[in-house]
Amino acid sequence: MELALVFIVLAAVFGLFMAWGIGANDVANAMAPSVGSRAITISQAVIIAAVFEFAGAVLAGGEVTSTIRRGIVDAALFANDPDLLIIGMLASLLSAGIWLLVASRFGWPVSTTHSIVGAVVGFAAMGMGVEAVKWSQVGQIAMSWVASPLLAGGLAFALFFSIQRLVLGRDDPLAAARRWCPWYVFLAGFFMTLVTLLKGIVHLGVNLGTSTSYALAALIGLVVALIGRVYIGRIPYDPAANRDFHFATVERVFTVPMVVTACAMAFAHGSNDVANAVGPVAAVVSIASSGEVHATAVVSPWILLLGGAGIVLGLATYGHRVIATVGQGITQLTPSRGYAAGTAAAGTIVLASGTGLPISTTHTLVGAVLGIGLARGIAAINLRVVSTIFVSWLVTVPAGALLAAALFFVGRALIR
Amino acid sequence: MASDYISRLFGASPVRPIQEHFAQATACAMVLEPFFDAAIAGDWQRAVEARERIIELEHAADDAKRKLRLALPNSLLMPVNRSDLLELLSMQDAIANQAKDISGLVTGRRMRIPDSLGKPYQEFLRCCLRAVVQAERSVGELDELFETGFRGKEVDVVMAMTEELDRIENESDELQVDLRSRLFQIERQLPPVDVMFLYQIIDWTGELGDLAHRVGSRLHLLISK
C-alpha cells in the first residue's frame with residue numbers, strides 16, 4: 001500500500017469538493033422560503049444553515065455514510081484486491097462530481113444522491129461483475145426514491161390540512177395562529193430530536209434507550225416551543241398590511257415555525273446529503289489506512305467533520321448568492337406552506353437517514369410541495385418542471401454509472 | 001444541485017393579475033356615470049372626453065387579459081379549475097367591453113335621453129354599477145381564498161358577498177322593468193328609431209348587472225371545484 005497516503009489525500013480532496021458543491025447549491029432549498037418571506041436575513045440564513053448542516057452531518061450522517069461506503073458493493077469480493085475498491089470509490093466520487101458539474105452547467109435538475117449511488121453501482125457492476133452489487137440493498141434504495149416523495153407529500157397534505165382546520169379556516173385566524181403555532185414548533189423540534197436520538201447518534205456510540213429518548217425529545221421540543229412563543233408574542237398586529245390581505249399577520253406568526261423548520265431541513269439535509277460526499281471517502285480511508293477491507297468498522301468522526309466543513313465552506317463562499325436567487329423565486333411558499341412542506345420533507349429525510357437510506361432531498365421537498373398543492377394550498381405549480389425533476393433520476397443513475405465505470409477502468413490501468 | 005428548480009417549480013400566481021384586471025374593467029365601467037351625467041345634460045364635449053377615458057381603460061384591461069392568458073399554460077396545477085378561471089376573466093373583460101359599447105352607441109348617435117327618463121335611468125345605471133363593484137369586491141377576496149385553501153370561514157365570507165350581489169342584481173332587474181314601462185308610456189311621442197335605441201341602451205346597461213352577477217356565479221364554481 002505504498003499509495004495509501006496518495007489515495008487518502010485524493011479521496012479527501014474529491015470529497016471536500018463534492019461537499020462544497022452540495023453546500024453551495026442544495027442548501028438554498030432549506031433556507032430560501034425563510035429568506036423569501038423576510039423572516040430572516042441572508043447572513044442569518046447562512047449562519048443557521050452552517051450550524052445545522054454541520055450538526056446534521058456529524059450527529060446523524062453516519063448511517064447513510066455507511067450505506068454508501070459498504071451497503072451497495074459486496075466488499076468480500078475485494079478482499080484480495082483492496083486497491084480496486086479504492087479506485088472504484090475514487091472513480092465514483094469523481095464521476096458524480098463531473099456529472100453534477102456538467103448537469104448544473106446545462107441546468108438539468110440532478111440529484112447528488114442519485115449520481116453517487118449510480119456511480120458506485122456502475123463501477124462495481126461493470127468493473128467487477130454484476131454479482132459485486134448488493135442488488136437487494138440497491139432495490140431498497142430505489143424503492144425509497146419512490147417512497148420518500150410520496151411520504152413527504154402525504155405528511156405535507158396532512159399538516160396543511162390541520163393548519164386549515166385549526167388556523168386558517170377559523171373565525172379569528174390570528175388568535176388561532178398565536179395559539180397553535182407554538183405547538184407546530186414543538187412538533188418540528190420534537191420529531192427531529194427524536195429521530196436523531198433514536199437513529200442518528202447511535203453510530204457515535206451514544207444509546208439513550210427509547211423512553212429516555214422520547215423524554216429528552218419532548219423536553220427539547222417544549223424548550224423550542226417556549227422560545228417560539230416568546231417570538232410569536234412579539235409580533236404586532238399590523239392593520240395596514242391586513243387591510244389589503246387579511247392574513248398578513250397570520251402569515252407573520254407562521255414565520256416562527258417556518259424558521260424552526262428551516263433549521264430542521266438544514267439538519268436533515270446535512271444528515272442525508274453529506275454522506276454522498278464522504279461515504280466513498282470513508283471507504284477509501286478505512287481500506288488505505290489498514291490495508292484490508294473491513295466490513296464492519298465504524299465511520300471515523302473526522303470524515304463526517306470533513307463533510308460538514310465542506311458544506312459550510314460551500315455556504316460561506318457561494319451559498320448566499322444561491323439563497324438570494326431561490327428566495328426571490330419561491331415567494332409562493334408562504335410561511336404556513338413553507339412550514340408544512342419543510343416539516344414534512346425534513347421528517348421524511350431524517351427518518352430515511354436513520355434507516356441509512358440515501359434519498360434525494362430535492363425530490364422529497366418537491367413531493368411535499370405537491371402534497372400541499374393537492375390540498376389546494378398553492379396557487380400554481382408547474383407540472384412540467386415537476387416531471388423533469390422526477391425524470392432526471394432515470395437519466396442520472398445510468399449516466400453516473402457509465403462515467404464511474406469508465407473512470408474505474410482508467411484508474412485500474414494506471415496502477416497496474 | 002437542483003437548487004433553482006425548486007423556485008422554477010412555482011408558476012406565477014394568477015390571483016393578483018386577475019384582480020388587477022377586474023380593477024381596470026370596473027374602473028372602466030364606472031366612467032359611465034360621469035359619461036351619462038354629461039350626455040343627459042347635453043354636454044357632448046365632456047361626454048366624448050369620458051368616452052375616450054373608457055376606451056383607454058378598456059384597452060388596458062384587454063392587455064391585462066392577454067398577459068394573464070399567456071401566463072396560464074395547461075401544465076399548471078392550480079387549486080382552481082383553469083377553464084373556470086379563464087371564464088371568470090372573459091366575463092370581467094366583457095364588463096369593460098359593454099361599457100365601451102354603451103358609450104359608443106350613445107356618442108355615435110348623440111342620443112338624447114328624454115327628461116322624464118333621465119333620473120330613473122341614472123338610478124338604474126348606478127344600481128348596475130353597484131353590482132359590478134360588489135363583484136369586484138368578491139373577486140378581491142380571491143387572495144384570501146387561495147390563502148385558506150378554499151376552506152372554512154373565508155368561504156362563508158365570499159358566499160355572503162355573492163348573496164349580496166344577487167340581491168343587488170334583483171334590484172337592478174326591478175329598476176329595469178320599471179324603466180322599460182316608463183319608456184313604453186312615452187314611446188309614441190318619440191321618433192321610433194330613437195325609441196328602438198333607447199330600449200337597446202337599457203338592455204345593454206342591464207347586461208352590465210347580469211355580467212357582474214355571472215362573475216359571482218363563476219366565483220362559486222371556483223370555490224367548489
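First, a term: a residue is buried if 20 or more other C-beta atoms lie within 10 Å of its own, exposed if 12 or fewer, and partly exposed in between, with C-beta atoms placed from the backbone. You're looking at a predicted model, where local features need pLDDT of at least 70 and side-chain atom pairs count only at pLDDT 80 or more, while totals for chains, interfaces and linings use all residues. Residues are numbered from 1 along each chain as its sequence is written, and chains are lettered from A and ligands numbered from 1 in the order in which they are written.

**Stop 1: chain A.** Select chain A: of its 416 residues, 62% are buried. Colour by secondary structure and you'll find 15 helices and one strand (DSSP runs numbered from the N terminus: H or I of at least four residues for helices, E of at least two for strands). The C-alpha trace spans about 75 × 45 × 35 Å along its principal axes.

**Stop 2: two helices in chain A.** Now pick α14(A), residues 361–374, and α15(A), residues 383–415; their axes come within 11 Å and cross at roughly 150°. Here axes are lines fitted to C-alpha atoms, for helices over the stretch in contact, and angles run from 0 to 180 degrees between N-to-C directions. Which residues of α14(A) and α15(A) make the contact? Show T362(A), H363(A), V366(A) and L370(A) on α14(A), then V386(A), I389(A) and F390(A) on α15(A). Being in contact means that C-beta atoms, placed from the backbone, lie within 7 Å. That set divides into five nonpolar, two polar and no charged residues (Ala, Val, Leu, Ile, Met, Phe, Trp, Tyr, Cys and Pro count as nonpolar, Asp, Glu, Lys and Arg as charged, and the others, Gly among them, as polar).

**Stop 3: chain B.** Switch to chain B, with nine helices and one strand. Its C-alpha trace spans about 80 × 35 × 20 Å along the principal axes, and 45% of its 225 residues are buried.

**Stop 4: where the chains meet.** Show both chains: 30 residues of chain B are in contact with 44 residues of chain A. On the chain B side, α1(B) gives the most, with six residues. That side holds 15 nonpolar, eight polar and seven charged residues.

**Last stop: a strand pair.** Select residues 381–382 of chain A, which form β1(A); this strand pairs with β1(B) in the antiparallel sense over two bridges (strands pair if DSSP finds at least two bridges between them). Click N382(A) and look across: its bridge partner in β1(B) is L76(B).

Definitions and conventions: Two residues are in contact if their C-beta atoms, placed from the backbone, lie within 7 Å.
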